[in-house]
Number of protein chains: 4
Amino acid sequence: MRVRTDLALEMKEDIETDEPIKGVHVSTKNNGDTDILETRIVVENEEGAMNLGKPVGTYITLESEHLREHDDSFHKPMTEVLSKNLKRFIGNKRRIMVAGLGNREVTPDALGPFVIDNLYVTRHLLREGIISHSIEVSAIAPGVMAQTGMESLTILQALVDKIKPELLIVIDALAARQSDRLNKTIQLADTGISPGSGVGNHRNAINSENIGIPVLAIGVPTVISVPTIVNDAMDAMVDAFGKNGPKNVLKKFNEDERYQLACEMVTPYLENMFVTPKDIDEAVKRISYTISEAINEAALA
Amino acid sequence: MRVRTDLALEMKEDIETDEPIKGVHVSTKNNGDTDILETRIVVENEEGAMNLGKPVGTYITLESEHLREHDDSFHKPMTEVLSKNLKRFIGNKRRIMVAGLGNREVTPDALGPFVIDNLYVTRHLLREGIISHSIEVSAIAPGVMAQTGMESLTILQALVDKIKPELLIVIDALAARQSDRLNKTIQLADTGISPGSGVGNHRNAINSENIGIPVLAIGVPTVISVPTIVNDAMDAMVDAFGKNGPKNVLKKFNEDERYQLACEMVTPYLENMFVTPKDIDEAVKRISYTISEAINEAALA
Amino acid sequence: MRVRTDLALEMKEDIETDEPIKGVHVSTKNNGDTDILETRIVVENEEGAMNLGKPVGTYITLESEHLREHDDSFHKPMTEVLSKNLKRFIGNKRRIMVAGLGNREVTPDALGPFVIDNLYVTRHLLREGIISHSIEVSAIAPGVMAQTGMESLTILQALVDKIKPELLIVIDALAARQSDRLNKTIQLADTGISPGSGVGNHRNAINSENIGIPVLAIGVPTVISVPTIVNDAMDAMVDAFGKNGPKNVLKKFNEDERYQLACEMVTPYLENMFVTPKDIDEAVKRISYTISEAINEAALA
Amino acid sequence: MRVRTDLALEMKEDIETDEPIKGVHVSTKNNGDTDILETRIVVENEEGAMNLGKPVGTYITLESEHLREHDDSFHKPMTEVLSKNLKRFIGNKRRIMVAGLGNREVTPDALGPFVIDNLYVTRHLLREGIISHSIEVSAIAPGVMAQTGMESLTILQALVDKIKPELLIVIDALAARQSDRLNKTIQLADTGISPGSGVGNHRNAINSENIGIPVLAIGVPTVISVPTIVNDAMDAMVDAFGKNGPKNVLKKFNEDERYQLACEMVTPYLENMFVTPKDIDEAVKRISYTISEAINEAALA
């Protein structure tokens, strides 16, 4: 079955239950007087991983109504909350590499490359003694396979082996399930990037196992997959027609089967399509700037 | 009801009938030994306009399996067929203005601005006596309302009044109904641009009535609207479940009503979204180049 | 003679004299605890205009050592000082149009278009009643003559006539004389833009006389002209060789004649070239952001 | 002493002599009925390298009056001549990597990245069995040190070690001495890229010794260095003043010393600047397209 969301938060929500999910620990907190809701999902073991459908690790989701809006007063609090979280992941590591995944020519997939564009890269400056107040930051926007002929994983493995950073931060555009999460949610995951449902699918996981050093993923949902949209429409139809309608037929299927059905209704060509908002250019520019500023701040020593 | 396609060809196909549509004349031809199919739809009068749902005028659709592919051998024939058609529209006019509508920051909407980028603009060169072998070509990529605060129509009215070209050619990205038409169909219409369903909706028609001179629209479908996708899924579901399924319920609705239903199932936020292929960057670059070369060729005197 | 600088400040400096220049009033001030030096040059009458070589009007130059640096702590004070100055020019006008002149494809000339990219455009939002806390801001990046076939002046005349703003703000990249002024100086001039020596020369002045409403120009020097570089080298050579060298020959020429000589030594092809720093991309991105934020702030009502 | 040109052809021209240069073999040919002049300079041994100031190897220069012009009829012959030369370098190698060096945000330095944008990358398509009629082409636009914190050499070493191509083709913008060579000359060198005088200097040579496989460099001069401009002005001044002028003084210096003098007259800040034509955007777009098409053609099997 194709993955329908890259957000651990939404996978948790999909599991309709009041009982805690075994092997998964969820906690939320508000950040002071900001409106930023922070949800921490810890997948504690393989049982939790199987139950949630996400690898063992920690997933932090930062949500805000305002991330999508033209509102400078917001940029600052999100930068701070994100930076604080990044600092915890960085710990006392002194050399980080930041990889902006995705295709800069396709707007909702350009998030990663745009973060690199605004990043304050310091590795060469520190080595030449020009600055001293930062940890070592190197950066790469490797491009996508259609541009390079190489898997992103392969390029990053080569560079990490050569440059030997202590932490790899990968930035990527994600797919969400709910349209109202697009462009206003940031997910941090110490599990790296799994093959997903974003614009540019990475077929091989970019994680600490494959890379050899800790990998922190920063993701923002910028698209919805077409099967998700169709699945939602089917749900809406079930509700709309009530018990005289197709409900009785669709009732036979559980949610996973219904999603499978939606996928089957989608022609192969549609699978290679994505759904994104018309103002995606503004959103991606704004959020990439927030992320790069947060990394810049977290890298100050 | 929201428009579901900007292609006259698809609106004709939607009308399931073997009888000719009154007031609409349709003819097709193949272009020599190329694989380019040319369909000419002439909406002859108001009756035809009402029947087809498109203003009175001529719509030429050029279709090719290859327009979407990396194949240089194709670029040349399409350029030639398009250029030949443009020459007929230009006739003996000596001053044309080309407007590339859309937002260059949103990939599927960047078609118009990208055409302008590759255009051979000659107005100033002719006036300075630097060249002489061309008709006067001026060009503008006005941007979208979110960038300018002004309707595209308003900007073009102002420039046409000032520069006084004899023909305005507007380039725009369109919405199609069928995903396999995306990025391999070019529509020429002497009716200009109607408010449509593309990425960036133009609320006011850009046509000869509003502009004061003949307006030729060159459009390429690069997106599908979300309601269209949902509608298609409903159709597929009807077929899938057969007579034991929702068919009996949905049967009560005709196609227009069903599309209306699809629209209602789509939340307001989804209406501001579009569906586009993952390789849209390559497609838009390629087609915009073909269109600009065709205009360049047609403008040679 | 070709103009060697677009900065009123440098034209004043070129006049080597301790006496005040007749018809020209110069005053400077520091802005509080920032390091921003503000020089106000008022050309009071035609005598002043002839003496300085700049039209009658007010020229405000904001200079800072830090504008070129990667230093977020600086961005804020410059935005504030600039915004304060803009507010004075805007006064109680309620409708402004911002024009970003230049070619977005040539890095040092992209300043104007980049400002438009970051601008908060409000005209359509106010008219639709979506917002209310701003004056009306419309915006255009008209492109350069090689792209449009039209003079920037012509396009702006057409749009101002149609949209009827009360103030036109034009943003443009300028040429400076001294390399250490590049990318760290902002000039405000209520005289608009004169034909100058920047990357993309505007042949016709964009000023209130030609546009019909007040025109405020915001300019940043991003290039040096080739004759300026050559002239400087000649000066350096004169100094280097002392009285046994070419000094005796060059002594016969005054500064204007020497600049004329430098121009003559420059082949015609070199005249169409410009000199710019290797890190121009970073500089233009940074400064355009500062300017757009300052306009955004000044437009809040 | 700073290098004043990256073109072997110009270094040869600088040596004012009718005698053949020892260890250097020069031959020219015209390409059929095209106007493309091909100069082949073979530096045969260390003596030749010392005499010419370029490493041992073969330098092929393709020159054409038309490369700079808007003239489609030209693009085809240059693509063919370049492709023919590339095929000879590729020989029977089956796996090539193409690296587009430079900064895509600085117009004259964007040549390399723009070539990658238009390249037909095949490595993944061949491995997945989607196509079969090509040799394996992978590609990377690594960015510049200010963007990545890493030397281009380091990134390329890492990728070549990992991907194991048989040939590395590097594309880069170069500095020329003569302004009329800009944007109309292509240099092929089997010596790779030496630290040069282009926009973005590579401090470490990218050659077969450092990379471990053959390295072919494709370079196009897009800038002139500031010291070169100043040096030319000094030469012009010497000529202008005749024997009553500074000639007697400057006569004491040979050409190298005079260039050294020019460098000293140039302030440190000016050294970090470059000189480029105002229409550099058009030129770089055009030439990068010609180079990518030539590589595409040469890679067909």
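Q: Does Gln157(D) count as buried or exposed at 17% relative accessibility?
A: The model is predicted: local features need pLDDT of at least 70 and side-chain atom pairs pLDDT 80 or more, while totals for chains, interfaces and linings use all residues. Residues are numbered from 1 along each chain as its sequence is written, chains are lettered from A and ligands numbered from 1 in the order in which they are written, and side-chain values use heavy atoms, without hydrogens and water. Buried means under 20% relative accessible area, exposed over 50% and partly exposed in between, with a 1.4 Å probe and protein chains only. Since its relative accessibility is 17%, Gln157(D) counts as buried.

Q: Which residues is Gln157(D) in contact with, leaving aside its neighbours within four places in sequence?
A: Gln157(D) is found in helix α7 (residues 152-163) of chain D; helices (H or I, at least four residues) and strands (E, at least two) are DSSP runs, numbered from the N terminus. Contact means heavy atoms within 4.5 Å. With sequence neighbours within four places set aside, Gln157(D) is in contact with Lys162(A), Asn210(D) and Ile211(D).

Q: How far apart in space are Gln157(D) and Thr290(D)?
A: In sequence, Gln157(D) and Thr290(D) are 133 residues apart. Their distance in space, C-alpha to C-alpha, is 27 Å.

Q: How many residues of α7(A) are buried?
A: Helix α7 (residues 152-163) of chain A has twelve residues. The buried ones include Leu153(A), Ile155(A), Leu156(A) and Gln157(A). Of the twelve residues, α7(A) is mostly covered, its buried count being ten.

Q: Why does the end-to-end distance of helix α13 (residues 280-299) of chain B agree with expectation?
A: The expected span of a helix is 1.5 Å times one less than its number of residues. Also, α13(B) is largely enclosed by the rest of the structure, because 15 of its 20 residues are buried. The 20 residues should span 28 Å, which agrees because the end C-alpha atoms are apart by 28 Å.

Q: What rotation superposes chain B on chain C?
A: Copies are superposed by least squares on the C-alpha atoms of residues with pLDDT of at least 70 in both. The shift along the axis is 0.0 Å and the RMSD 0.0 Å, with a rotation of 180 degrees. The two copies are thus related as by a two-fold rotation axis.

Q: Which residue of chain B comes closest to the rotation axis?
A: The copies meet through the same surface, because 100% of the interface residues of chain B are also interface residues in chain C. At 2.6 Å from the axis (C-alpha), the closest residue of chain B is Ala158(B).

Q: What area is buried between chain B and chain C?
A: Here 27 residues of chain B are in contact with 27 residues of chain C. Buried area is the accessible area (1.4 Å probe) that two parts lose on being put together, summed over both. Carbon and sulfur atoms give 62% of the total, which is about 2100 Å².
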